[in-house]
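Hello,

Here is the structure I promised to pass on.

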Amino acid sequence: MATVLLVEDDHVVRGAMLRSLADRGHAVHAVGTALEALRRVAAETPDLVVLDLGLPDLDGADALRMLRGITDVPIIIATARDDEQSIVRLLRSGADDYMVKPFTGAHLDARITTVLRRAGRATRTAQPAVHQVGGLRVDVGERSAQLDGAPLALTRKEFDLLAYLAARPGRVVSRRELLEEVWRQPSVGEDQTIDVHLYWLRRKLGESAAKPRYLRTVRGVGFRLVAPD
């Protein structure tokens, strides 16, 4: 199973989640502050982080951005915030998934398994190791991307999305395929996830949906990655 870092300041909730995950075979380390989480991740690199947003020393959204500055391990947000704006902001900041409290230990375990499967699959299936599309170079082995020789600062999921499209240059890839192969999720009701990541990926490529260069939308069908004209 996985090594999980649980970041939760409520000792009752933390204890219940820790016991539940440990009973399911995970190695769980629990901390109660953002600072402790940052120290633990820097020192030990867990397989996955479960991050509560209501921390005493730092807002969880800020903690998420700081964690993304030092690690690309999957992060699941545990939150009581269920409004669309908050969810979009969390995905934009680098969250891999989110769960709205309260939830069961079985539900959390299932999400952990799914997120870890997604994280491993994109790297295992992307072949060949280096893709070149116009001035865009994607090195899957090194998990790095360059545009006209300049490095691109991508989140882990932005890179997975770009690598999947770059491995299929010119081919139209449907939303369903992206959700199933990159996110490893069913396609129903998850369009927002793709749109958020495409928006930020386009910005980092220096383009927009209205003025595309590499990422082209095929209306009603999907997306394709092409070299600029």
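This is a predicted model: local features need pLDDT of at least 70, side-chain atom pairs count only at pLDDT 80 or more; totals for chains, interfaces and linings use all residues.

Residues are numbered from 1 along each chain as its sequence is written, and side-chain values use heavy atoms, with hydrogens and water left out.

The count comes to 13 salt bridges (a side-chain nitrogen of Lys or Arg within 4 Å of a carboxyl oxygen of Asp or Glu). One of them pairs Glu-8 with Lys-101, at 2.9 Å from N to O. Glu-8 sits in the loop between strand E1 (3-7) and H1, and Lys-101 in the loop between strand E5 (97-100) and helix H5 (105-125), so the bridge ties together parts 93 residues apart in sequence. Helices (H or I, at least four residues) and strands (E, at least two) are DSSP runs, numbered from the N terminus. Glu-8 is buried at 3% relative accessibility; Lys-101 is partly exposed at 27%. Buried means under 20% relative accessible area, exposed over 50%, partly exposed in between (1.4 Å probe, protein chains only).

Asp-97 bridges to Arg-111, with the closest N and O atoms 3.0 Å apart. That links strand E5 to helix H5, 14 residues apart.

Asp-160 and Lys-157 also form a salt bridge, at 3.6 Å. Both lie in helix H6 (residues 156-166), three residues apart. Asp-160 is buried at 2%, and Lys-157 is buried at 5%. Shared partners join Arg-68, Asp-96, Arg-143, Arg-156, Lys-157 and Asp-160 into one network.

Last, His-26 lies in the loop between helix H1 (11-23) and strand E2 (27-31). His-26 is buried, at 7%.

Best wishes
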